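Biologist: Could you walk me through this one slowly? I'm new to reading structures.

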Amino acid sequence: MKTATREKLVSAVFLAVALTSVAAVALICVFLFASGIPAVGEIGVFRFLLGREWSPTDVPPVFGILPMILGSLYVTAGAILFGVPVGVLTSVFMARMCRPRLYRVIKPALDLLAGIPSIVYGFFGLMVLVPLTREIFGGTGKSIFTASLLLGIMILPTIIGVSESALRSVPQSYYEGALALGASHTRAVYFTVLPAAKSGIFAGVILGIGRAIGETMAVIMVAGNQARAPTGVFKGVRTLTANIVMEMGYSEGLHREALIATGVVLFVFILIINVSFSLVKRRSKQ
Amino acid sequence: MRRVFAFCFILLLVLSGCSGRGFDVSREIDVITREEGSGTRGAFVELFGLLQKGEDGTRTDLVTKEAGVENNTNTILTTVRGDESAIGYISMGALDGKVKALAIDGVAATTENVVSGDYTVSRPFIVVTAANPSALAEDFIAFILSRDGQAIAAKSYIAVAPQAPPYSGDAPAGKLVVGGSSSVSPLMEKLIEAYEAANPNANVQLQTTDSTMGVSKTIEGAYDVGMVSRDLKLTESGVLTDTVIALDGIALIVSPENPVSELTREDIRRIYTGEAATWAEVTR
Amino acid sequence: MIKFDIQNLKLYYGDYQALKGIDLAIEEREITAFIGPSGCGKSTLLKSLNRMNDLVEGCRVVGKVLLDGEDIYGALDVTELRRRVGMVFQKPNPFPMSVYDNIAFGPRTHGITQKHKLDEIVETTLKNAAIWDELKDRLKKSAIALSGGQQQRLCIARALAVQPEVLLMDEPTSALDPISTGKIEELILDLKRRYSIVIVTHNMQQATRISDKTAFFLLGEVVEFDETENLFSAPRDKRTEDYITGRFG
């Protein structure tokens, strides 16, 4: 075979492989929208998105997912509240303060944390965090608080990973400049290196939000899953993901389609997050 | 890794040790339910009158929206075991001895009481056939009532003929349509699978609808065998031959730390509608 | 009067000896230039004057560096040393924040927080660095957006904001165009009236243009140290002559 022909063939194979993921996304979009949008039409956009009641097996059924939208937002916000300070400070520590020997312990621990399946996080939440929350704050222990705490832990590896590499890519000259002005190590890191890594860290936080909002198996075990608008930090909550997974098994007809439509809403959320992620990334490159 | 687990376990022990300060009846009841669409929830709301039926065919599930929702039996067991003010319900076959099954109206939640009919939080799984069923339908029902079929039923439900002899049919050939109650359907699916293994000549189709369809379609002749998960009305049982193949009992469970061991049906209805919010309102 | 008195200074990076016993006296309110080929130790010596070499792992110092008679490797607090001995780097390195915050960073580090005092410091230092007119309307804008020459003058101003006594400059114009270089040289000559300045340079013309004294470095040693005029017109050492006439380097 001639070299040129072979080159063409090889690049065609690579193109086909590369298009697989694009095709997967396209197919998922088609599936989601084809089965979700008609259901939304049947239920009514506003009654679906802004309805405060979810009673899918009643006759006639009521499909309002506002409680779950709020639930996902609250739980994600909570996760950010727990995860971001811990994650950012950890990444600063790892990138700029940690002794190499300690780093060799922390880094694999974080990799392990990232590799733990979410169902195991769920068990941990159910067996440790839920009783802990119940003992300290009362109630069932399954709450926005517990879910946020667990998700906060789960998004740590994402936030730390991205933030750490952002911090490491800050030019050493900023740090040296600060030291040359008489700043201590800590001051140089927190007031010059950290601000310089701001947009990279922000990107890490957005990725963390994406992970938190899409998390399912762990949340379902610690959130209580009440399908009503959240009533308090220590009360139960149902997220969009939980709604889909809890009821998909037995659902049929419009109920099933309403669950897929819930998936569409989630998909739009993720889309927004990804777009803002690329915007932030683009800005950080400038 | 093992050390980490050990640490968590010890933490848990310490925590559970902290809770030994006596049961507080003024605490809110942590109501736990199954998700909408689950068969167990369907049976539960039906048996406790938590499904309000309107004249015009409307159905409203009255279980309080404040109830925690779990989508599997194991999570309910774990949750109830750890939370002394929780109450939940599971299929009786899943009881594991680490939670306390409540007596209802003074009758303990045991298999014997379900079989004897004293424990009423249960429902029969019934198959119905036309007055003169085909040989294949008869053989299939014989299989269900044999030791083999009942062993399958006993895995998740309560067998009605635990001492039955093994299946010894002559493997008649033909096609069989089984349809009806979605509650019976999961069990029926396993029974059909085992039956087709035992009788390779048979071709059994399963159609999942509901109990009412199970009766009416069998009368029409569209189903050879109908599945029903409630007691038959007199009018229906006149036309059809009915056979109870298994019993489904539902146990109300609380933590072993909870001193309550008995409730009335009315108490449970009030708990699950949210009328009774604290244990004080249902303990006397 | 002698500002820095360097006595038999030896500096090691691990096993490698970068400075082989330097003796040098740097006069107050003069410009001292360090010249020499790459790797001769001139930048290393400069960094060891405000202990920026502390950042290098495995760096070890033997000998004495006296600042106004006080050993900087002794009891003197390193942050205080760096306040008194400022540094300007080869590549302009303004912090990714506003012009104002760049200048205020040093004073804030040393405990000044009142707004009016900071405002005053920012204005005086920018005026001292002859860049006030260019930047007074852009104080809140990001320093990263400035031109390279402006950035370097901002960095000089930033170093002046903590009222140092000595300014160390590590090839401050090597990354800049001739016009910006001219402005900075002008500024350096102007600053001589108030500060002692040590400048490392690759550019011998620059040394002759601005410095009072010049030290020629080779292989970790000071080969010759003299009045700039003498060193370039009548070098005493053959190696110095070879270097300044361009025979190597």
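Predicted model: local features only at pLDDT ≥ 70, side-chain atom pairs only at ≥ 80, totals over all residues.

Biologist: Is Lys142(A) buried or exposed?

Modeller: Lys142(A) sits in the loop between H5 and helix H6 (144–154) of chain A; helices here are DSSP runs of H or I with at least four residues, strands are E runs with at least two, and both are numbered from the N terminus. Buried means under 20% relative accessible area, exposed over 50%, and partly exposed in between, using a 1.4 Å probe and protein chains only. At 4% relative accessibility, Lys142(A) therefore counts as buried.

Biologist: Which side chain makes a polar contact of 2.6 Å with the side chain of Lys142(A)?

Modeller: A polar contact is a pair of N or O atoms within 3.5 Å; within protein, one must be able to donate a hydrogen and the other to accept it, and residues adjacent in sequence count only if both atoms are side-chain atoms. The Lys142(A) side chain has such a contact with the side chain of Thr79(B), at 2.8 Å. The one at 2.6 Å goes to Glu70(B).

Biologist: How do the rings of Phe125(B) and Tyr157(B) pair?

Modeller: Rings of Phe, Tyr and Trp (its six-membered ring) pair if their centres lie within 6.5 Å; planes under 30 degrees apart are stacked, over 60 edge-to-face, and the rest tilted. The structure has 18 aromatic pairs over all chains. In this pair the centres are 4.9 Å apart and the planes at 65°, so Phe125(B) and Tyr157(B) are edge-to-face.

Biologist: How many residues apart in sequence are the parts that this pair ties together?

Modeller: Phe125(B) is buried at 0% relative accessible area, and Tyr157(B) is buried at 17%. Phe125(B) lies in strand E8 (residues 122–129) of chain B, while Tyr157(B) is in the loop between helix H6 (147–156) and strand E9 (158–159) of chain B, so the parts tied together are 32 residues apart.

Biologist: Which residue lies over the face of Tyr12(C)?

Modeller: A charge sits over a ring if NZ of Lys or CZ of Arg is within 6 Å of the ring centre and within 35 degrees of the ring normal. In chain B, Arg265(B) lies over Phe48(B), at 5.2 Å from the ring centre. Over Tyr12(C), at 4.5 Å from the ring centre, lies Arg60(C).

Definitions and conventions. Residues numbered from 1 in each chain as written. Chains lettered and ligands numbered in written order. Heavy atoms only, no water.
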